[in-house]
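This briefing covers a helix pair, a nonpolar core and a ligand shell. Keep the sequence and the structure in view while reading.

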Amino acid sequence: MTAASAIRSPLTLLIGAAAITAVAAAGWMFWPAASSGRADPTDAGQVALGEAVYKASCASCHGANLEGQPDWRIRKPDGRLPAPPHDETGHTWHHPDQQLFRITKLGLKPPLAPEGYQSDMPAFGGVLPDDEIWAVLAFIKSRWPSKVLARQPSPNKGKGQK
Ligand code: HEC
């Protein structure tokens with residue numbers, strides 16, 4: 001190794017590290033909020049926060065035990081659907097996390113539902129911060145048996161994304 005290359009290498013490394021940092025910082029800033037979070041059912045802290053959020057904001061419709069409203073598949077006289085269960089008997093687990101996040105944050109409006117679709121599911125954007133929405137999803141997922149958790153589509157599989 002020559003003296004010159006010995007000097008150049010650390011400098012090259014330094015420039016490389018700076019470039020990676022810059023890319024990471026830019027990625028963090030421009031990444032849409034919906035993609036930056038995660039719902040980890042094995043993270044006890046996130047699940048505990050999510051349980052509190054669930055009790056305060058979701059249980060009144062989706063049930064204290066995630067059981068949903070009675071006859072949740074049958075439209076009410078006003079044409080709207082009752083709140084479905086979030087446990088393994090419902091279809092929450094048929095959707096990838098990103099889609100559950102968007103439904104909870106934006107409500108069932110286009111592009112998540114057809115134009116003019118009437119739903120009693122509120123949009124929680126502006127009510128709950130993103131990290132509380134991710135936490136409540138972590139709590140919901142923590143209640144699924146591991147078999148159901150394993151069958152939930154992930155965005156990487158490209159299934160169920162709208
Ligand atoms: C005022 C009642 C109400 C509250 C409160 C409520 N929901 Fe809902 N939710 C509904 C109804 C009704 C539906 C079904 C809507 C439809 O299909 O038209 C629904 C559907 C959903 C779905 C879609 C489920 C699926 O299988 O497609 C998700 C996810 C969801 N709610 C999450 C939440 C979360 C998380 C909270 C708490 C932060 C919450 N909801 C609070 C009424 C409610």
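Which residues have the most contacts inside the largest nonpolar core? They are I133, W134, A135, V136, L137, A138 and F139, in a core of 18 residues. The model is predicted.

- The most comes from α6, which gives 8 residues.

**Packing of α3 and α6**
- Two packed helices are described by the angle between their axes and the distance between the axes.
- Here, the axes of α3 (residues 44-57) and α6 (residues 130-142) come within 7 Å. They cross at roughly 100°.
- Angles of 65 to 115 degrees count as roughly perpendicular, so α3 and α6 are roughly perpendicular to each other.
- From α3, the contact is made by Q46, V47, L49, G50, E51, V53 and Y54.
- From α6, the contact is made by E132, A135, V136, L137, A138, F139 and S142.
- By class, the contact of α3 with α6 has 9 nonpolar, 3 polar and 2 charged residues.
- A135 touches Q46, L49, G50 and V53, leaving aside residues up to four places away in sequence.
- A135 is also among the core residues with the most contacts.

**Ligand shell**
- The ligand is surrounded by 22 residues. The closest are C58, C61, A83, S119 and M121.
- Elements α4 (59-62) and α5 (97-106) give two or more residues to this shell.
- The shell divides into 13 nonpolar, 8 polar and 1 charged residues.

Conventions. Residues numbered from 1 in each chain as written. Predicted model: local features only at pLDDT ≥ 70, side-chain atom pairs only at ≥ 80, totals over all residues. Near = placed C-beta within 6 Å. Helix = DSSP H or I, 4+ residues; strand = E, 2+ residues; numbered from the N terminus. Nonpolar A, V, L, I, M, F, W, Y, C, P; charged D, E, K, R; others polar. Axes fitted to C-alpha atoms, helices over the stretch in contact; angles between N-to-C directions. Parallel < 35°, antiparallel > 145°, perpendicular 65-115°, else oblique. Contact = placed C-beta atoms within 7 Å. Core = buried A, V, L, I, M, F, W, Y, C linked by C-beta atoms within 7 Å. Buried ≥ 20, exposed ≤ 12 C-beta atoms within 10 Å, placed from the backbone.
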